[in-house]
Amino acid sequence: MRENEKIRRAARVADVPLYRIARELGVSEPTMTRWLRFPLPEDKEAKILGAIERLSQEVNTQCG
């Protein structure tokens, strides 16, 4: 299993690309990609998952 599979899966299911998550967190897409290469501290994982949730709701609001 790849590192941070929970985050990768959440982004894929929510149909939120990594560049949008990075922008929401105020970092570059390459930084976001590097973060996902190694295990993350729980607080950073929670921030990323929160960003995915916010962006997912935004996408759902626009579509429906």
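I started at the end of α2, where Gly26 follows the helix with a positive phi near 80°. Helices here are DSSP runs (H or I, at least four residues), strands likewise (E, at least two), numbered from the N terminus. The model is predicted: local features need pLDDT of at least 70, side-chain atom pairs count only at pLDDT 80 or more, and totals for chains, interfaces and linings use all residues. Residues are numbered from 1 along each chain as its sequence is written, and side-chain values use heavy atoms, with hydrogens and water left out.

**Overall layout**

I counted 4 helices and 0 strands in the protein chain. The pattern along the sequence reads α-α-α-α. I took the spans of the C-alpha trace along its principal axes: about 35 × 25 × 20 Å. The radius of gyration is 11 Å, which agrees with the value near 11 Å for a compact globule of 64 residues. That radius is taken over C-alpha atoms, and the globule rule is 2.2 Å times the number of residues to the power 0.38.

I then looked up burial (buried is under 20% relative accessible area, exposed over 50%, partly exposed in between; 1.4 Å probe, protein chains only). Of the 64 residues, 31% count as buried.

**Core**

Next I opened the largest nonpolar core, which has 13 residues. Such a core is a set of buried Ala, Val, Leu, Ile, Met, Phe, Trp, Tyr and Cys residues joined through side-chain atoms within 4.5 Å. Ile7, Ile21, Met32, Ile48 and Ile52 touch the most other members. α1 (5-14), α2 (18-25) and α4 (42-63) each supply at least two residues. α4 gives the most, with 4 residues.

I followed Ile21. In α2 it is buried, along with Arg20 and Ala22. I listed its contacts (heavy atoms within 4.5 Å). Beyond neighbours within four places in sequence, Ile21 touches Ala11, Val16, Met32, Ile48, Ala51, Ile52 and Leu55.

I checked Asn4, in the segment before α1. Its phi is positive, near 55°, and it is not a glycine. Asn4 counts as buried, at 10% relative accessibility.

Asp15 sits in the loop between α1 and α2. It is not a glycine either, yet its phi is positive, about 60°. Asp15 is exposed, with a relative accessible area of 60%.

**Ring check**

Which residue lies over the face of Trp35? I found Lys44 there, at 4.0 Å from the ring centre. The test asks for NZ of Lys or CZ of Arg within 6 Å of the ring centre and within 35 degrees of the ring normal.
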